[in-house]
Amino acid sequence: MTRIKRGYIARRRRTKIRLFASSFRGAHSRLTRTITQQKIRALVSAHRDRDKQKRNFRRLWITRINAIIRQRGVSYSYSKFIHDLYKRQLLLNRKILAQIAISNRNCLYMISNEIRKEVDRKEYTGII
């Protein structure tokens, strides 16, 4: 019987996995079984931490906005500011507000003062 050579498909799959794990240390970049385990683990961590990163950035933006607003107004807080933004129907998300707070504080102060004036005027006159 003639000799049958194995195909290249399995080898190609293993080299692809090895390229993914080439930056790992020790057996995690050399042995095929541990490479596949570490690849699964790395992808799970990446998927989980993408959501965590979004949460952390949102927390950072909220903290920055709150810090800037509390510096200026004594009785004004982040929650009141956001509530007034929604009442006024201004479409500024937290990322943009945090960037404005860092780069140009006076602009954020102007926005918050205008919102407070408008909301106070509407509440005073009874207009909804």
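Modeller: Arg13 lies in helix H1, which spans residues 9-20, helices being DSSP runs of H or I with at least four residues, numbered from the N terminus. This is a predicted model, in which local features need pLDDT of at least 70 and side-chain atom pairs count only at pLDDT 80 or more, while totals for chains, interfaces and linings use all residues. Residues are numbered from 1 along each chain as its sequence is written, and side-chain values use heavy atoms, with hydrogens and water left out.

Arg13 counts as partly exposed because its relative accessibility is 47%, where buried means under 20% relative accessible area, exposed over 50% and partly exposed in between (1.4 Å probe, protein chains only). Together with Arg6, Arg14 and Arg18, Arg13 forms a patch of positive charge on the surface; such a patch is made of residues with over 30% relative accessible area and no salt bridge, like charges being joined within 9 Å.

A salt bridge (a side-chain nitrogen of Lys or Arg within 4 Å of a carboxyl oxygen of Asp or Glu) is found 1 time in the whole structure. Arg48 and Asp49 form a salt bridge, with their closest N and O atoms 3.3 Å apart; Arg48 is partly exposed at 43% relative accessibility, and Asp49 is partly exposed at 32%.

As for the whole protein, it has 5 helices and 0 strands, and 23% of its 128 residues count as buried. Its C-alpha atoms fill a box of roughly 100 × 30 × 20 Å along the principal axes.

Terms used:
Patch = residues over 30% accessible without salt bridge, like charges linked within 9 Å, V, L, I, M, F, W, Y side chains within 5 Å. Areas by Shrake-Rupley, 256 points an atom, 1.4 Å probe, with all protein chains shown as cover. Lys, Arg positive; Asp, Glu negative; His and termini not counted. Charge placed at Lys NZ, Arg CZ, Asp CG, Glu CD. Helix = DSSP H or I, 4+ residues; strand = E, 2+ residues; numbered from the N terminus.
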